[in-house]
Amino acid sequence: DEATKLPEGFECVGKSDAGAVVAIEDAKRKIFGLQYHPEVTHSERGKETLSHFLFTVAGVTAGWSMQNVLDEQLEIVRRKVGPDAHV
């Protein structure tokens with residue numbers, strides 16, 4: 001996943017040690033882009049970054065569980081398949 005051509009109006013403002021584009025900006029429109037993978041284990045403070053973005057910036061709540069996700073998906077399948085059919 002590497003940028004090879006930037007959108008009109010953008011310029012590269014940061015590259016990785018390997019030379020890949022990792023930061024871009026369109027200063028006139030005040031639009032900025034950053035390639036960063038906080039989910040990988042070698043990203044320093046990645047978990048903290050994700051947590052801050054989700055809970056502080058985006059205002060998401062942590063009120064879900066894997067069981068909730070499973071139950072929701074099973075209900076979707078049941079509605080599509082119906083009470084008498086099997087998957």
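The exercises below work through a predicted model, each with a solution in steps.

**Exercise 1.** Find which residue has a positive phi in the hairpin of E1 and E2, and which one has it in the turn of the hairpin formed by E2 and E3.

*Solution.* In the hairpin of E1 and E2, 5 residues lie between the strands, and glycine 19 takes a positive phi near 95°. In the hairpin that E2 and E3 form, 4 residues lie between the strands, and the residue in the turn with a positive phi, of about 55°, is lysine 30. Lysine 30 takes this phi although it is not a glycine.

**Exercise 2.** Decide whether lysine 30 and arginine 45 are buried or exposed, and say where arginine 45 lies.

*Solution.* The cut-off needed is that a residue counts as exposed when its relative accessible area is over 50%. Lysine 30, in the loop between E2 and E3, has 67% relative accessibility and therefore counts as exposed. Arginine 45 lies in the loop between E3 and helix H1, which spans 46–57, and its phi is positive, about 60°, although it is not a glycine. Its relative accessible area is 58%, so arginine 45 is exposed as well.

**Exercise 3.** Classify glycine 46 and leucine 50 by relative accessible area, and describe the surroundings of each.

*Solution.* Glycine 46 has its place in helix H1, and because its relative accessible area is 2%, glycine 46 is buried. Leaving aside residues up to four places away in sequence, glycine 46 touches Tyr36 and Pro38. The C-alpha atoms of glycine 46 and tyrosine 36 are separated by 9.1 Å, with the two residues 10 apart along the chain. Leucine 50 also has its place in helix H1, but its relative accessible area of 34% makes leucine 50 partly exposed. Together with Phe53, Leu54, Phe55, Val57 and Val60, Leu50 makes a nonpolar surface patch of about 510 Å².

Notes: Residues numbered from 1 in each chain as written. Predicted model: local features only at pLDDT ≥ 70, side-chain atom pairs only at ≥ 80, totals over all residues. Heavy atoms only, no water. Pairing = 2+ DSSP bridges. Helix = DSSP H or I, 4+ residues; strand = E, 2+ residues; numbered from the N terminus. Buried < 20%, exposed > 50% of the residue type's maximum accessible area, 1.4 Å probe, protein only. Patch = residues over 30% accessible without salt bridge, like charges linked within 9 Å, V, L, I, M, F, W, Y side chains within 5 Å. Areas by Shrake-Rupley, 256 points an atom, 1.4 Å probe, with all protein chains shown as cover. Salt bridge = Lys/Arg side-chain N within 4 Å of Asp/Glu carboxyl O. Contact = heavy atoms within 4.5 Å.
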